[in-house]
Amino acid sequence: MAEKIKNRFKMLKSPTKFVIIGLIPAILWYLIFSGIPIIYSFYLSFYKWDFLNSARFVGLQNYVDVLTNDPLFYQALGNTFNFTIGNVLFGGVLAFFFALLINRLRKSAPVFRTIFFLPVVSSMAAVAVLWRWLFQPKFGLINNILDLFGIGNIMWLQSPDTAMISVIIVSIWKGLGFTIVIFLAGLQGIPDSLYEAAAIDGANSWQKIRHITVPLLRPTIVFILITGVIGSLQAFTQMYVLTKGGPINSTLTIVYHLYIRAFEFFRMGSASAMSFMLFFIIIILTLIQLKLTNKKVY
Amino acid sequence: MKNKSIVFFVFLVVFLFSVSSLVFAVDLTLWDWHAPRMKLTEKYILQYEKLNPDVKIDTQTMGWDDYWKKLMAGLAARRVPDIAQFHNSKTTVFLNQLEPYPQDKFSVDYLKKNVINFESGYLFDDNFYFYPVGAMSSLIFYNQNIWQGAGLTEQDIPQTWEQLARLAKKLTQYHDNGEVKVAGLALNGALGLLWTDLNYQKGGYLYNEEGNATAWNTEAGLAALNFLRKLVFEDKVTEPGFLNYTEAMGTESAAMVYSWSWMRGFLDDNYPDLNYGVFPLPTFEGKMAPGPVARNNHETGFSVLKPAPAANKKAAWEFLDWLYHDTDYLIESCLILALAPADKNLWMDPRIKSDKIINTLVKAIPYTVLPGEFPAALEITGGLKTIEELTFNGFPVDDTLQRAEQEASSVLQNRPLKWYVEREYQGPSK
């Protein structure tokens, strides 16, 4: 008996076997809760199915319908790209700026890191209630502060001109802490000796950032860019809780649009087709980003 | 020794399961999305279980969105509750999955005679699938403190929209910069809903005769929207970006708001000290007849689902027979949900008569129209929401209705309706 147990432990000493055994629960989890639904959803994208009646094979009809017979799809696609650009670009730059500041505050860095990380762990639904009040045009804090500077009433979530900007602001605020932590990890991996050598050579702060920090942070920037773009293209919760895709569909994103198709209209085939079109868009954009950034990563 | 313990444990579990199934001959499941109503139902379930110790009813409450997704997924997997609360906005999608009410237990003749909108709202091929509990419609809620402050009494309750507009103007308070401080009539969040009522008052309909598209961009629709635009932009009784009507009423930032009667629950739960009253919707001519003056909708009751096992269905009907023939349950449900009881015989009940909101609703409800199915997608994600958004963003009325109609018709294309009955409205005689 003891020999048997000993042999089993020996088996675990082999790193490959240990890794495989350790990964089994995660693989099973992924297969059951992600892999199978993804495959089934791809299968559904070739069928017409409303949950209750049996599915009918329609070939590529769902894809053709989305592309040729759904004007909202293109509006949603445009909105999704606008959101992605705003969220990733401004969110990334802001996070980089705050990460640089926090990195300089050696002692109080954990305090600020925690403060910035708080929104990340907050519930989006709860946060949305707060932001809806902040954005309230007549009684909201933001307009009341802007009023002190003579800036007129902004109809944040109520106007199609500003609704997407408002949603981007909330999204950046919500995700900033996470991006800051990633940047901080990257910044802490840059040796001080490089900055010291640059200082001896007479480099100012801007030159240090431009010629040392940014180039050495490229792997981090690529990671943030790719994960940010993937996440932003799938934006849903912010729109669901803040604007319901309005006003006048100005914040309707692809995922929100397909959610309506699936769970309001019960058109599962069409929604699945749309989700796979988004999937291919994400794949293509990710490959382009990897191609563009691959050679420049140090 | 260890193996023996495991065997004993397994045996014990099996034994307990067997015993529990002997104790409860029937174990029913019941779902609802409305927590206060479920609390009431649970009170009655306890009574029923005492009277019928062989029946156990497990309840589950979940949010509105989750409820319908889970029910849909459950139906696809044929794993459903035996009894499920039903909402008539889901009729087209779910009707085929519901069992008809057994007419030996529930007399259709009685219901036809005594329940408002029963024939148009409940009967499908001579069967009905969800129980008529009560009807809801719109009212004007007013803040009694603000009214008294302006020297107004119940005698000043307006009968016409022009009177209401004058009153709202009088009650609106402005900041020094001309912005609205207290709205005379807050419509923000409810403008689309009020438009449907005004559209009916002007002789319009929601759907075309075939029921496959909306009929909004019409003379009646335009007149209704013009009146609303005048209220907002000329009379300035509210303004774009003002508080949502529920918040405006609760925080005493509105002298009057338009709302469906359900707001009573919201106000009483969140603003228990608020001193408010209600009056029926005014009309353009100052009289309710011949109507319709507004849209109504019915809060329907429980349904029994087709995939449930036969024994459970039988027990479910027995329970519903007991529950719905108890007028106390129906009245208490109406009090919780602020409904006019569907059964007209209950309108004279002292509890209904003494409830200021339901009593007002009861007087107005015969002049309201049940349009048939009104999917949430027309109200919340498109259609009426678009009317409000475009109006507050200053779009011209014809453009607004054209775009809203396009959107609403696209909703109906994606989700066709089987049930539209608004053109059957015949006024209080029915």
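**View 1. The buried area between chain B and chain A.** Buried area is the accessible area, for a 1.4 Å probe, that two parts lose on being put together, summed over both. In this predicted model, chain B and chain A bury about 2500 Å² between them, and 61% of that area lies on carbon and sulfur atoms. The contact draws on 31 residues from chain A and 30 residues from chain B.

**View 2. Polar contacts and the side contributed by chain B.** Between chain B and chain A there are 11 residue pairs in polar contact, both residues being at pLDDT 80 or more. On the side of chain B that touches chain A, at least two residues each come from helix 3 (64–76), helix 17 (376–381), helix 18 (384–392) and helix 19 (397–414) of chain B. Helix 3 of chain B gives the largest share of this side, with six residues, and the residues of the side comprise 14 nonpolar, 11 charged and five polar.

**View 3. The salt bridge between the chains.** One salt bridge is counted between chain B and chain A; Glu239(B) forms a salt bridge with Lys138(A), with the closest N and O atoms 3.5 Å apart.

**View 4. The second largest pocket.** This pocket has a volume of about 770 Å³, and of the 32 residues that line it, those closest to its centre are Asp70(A), Leu72(A), Glu407(B), Ser410(B) and Asn414(B). Helix 3 (61–69), helix 4 (71–104) and helix 13 (254–263) of chain A, along with helix 17, helix 18 and helix 19 of chain B, each supply at least two lining residues. Helix 19 of chain B provides the largest share of the lining, seven residues, while the lining as a whole divides into 13 polar, 10 nonpolar and nine charged residues.

Definitions and conventions. Residues are numbered from 1 along each chain as its sequence is written. Chains are lettered from A and ligands numbered from 1 in the order in which they are written. This is a predicted model: local features need pLDDT of at least 70, side-chain atom pairs count only at pLDDT 80 or more; totals for chains, interfaces and linings use all residues. Side-chain values use heavy atoms; hydrogens and water are left out. Contact means heavy atoms within 4.5 Å. A salt bridge is a side-chain nitrogen of Lys or Arg within 4 Å of a carboxyl oxygen of Asp or Glu. A polar contact is a pair of N or O atoms within 3.5 Å; within protein, one must be able to donate a hydrogen and the other to accept it, and residues adjacent in sequence count only if both atoms are side-chain atoms. Helices (H or I, at least four residues) and strands (E, at least two) are DSSP runs, numbered from the N terminus. Ala, Val, Leu, Ile, Met, Phe, Trp, Tyr, Cys and Pro count as nonpolar, Asp, Glu, Lys and Arg as charged, and the others, Gly among them, as polar. On a 1 Å grid over the protein atoms alone, a cavity is a set of points where a 1.4 Å probe fits but cannot get out, and a pocket is an open set with protein on both sides within 12 Å along at least five of seven lines; lining residues have an atom within 4 Å of a point. Grid points are joined across faces, edges and corners, and a volume is the space filled by probe spheres set on the points.
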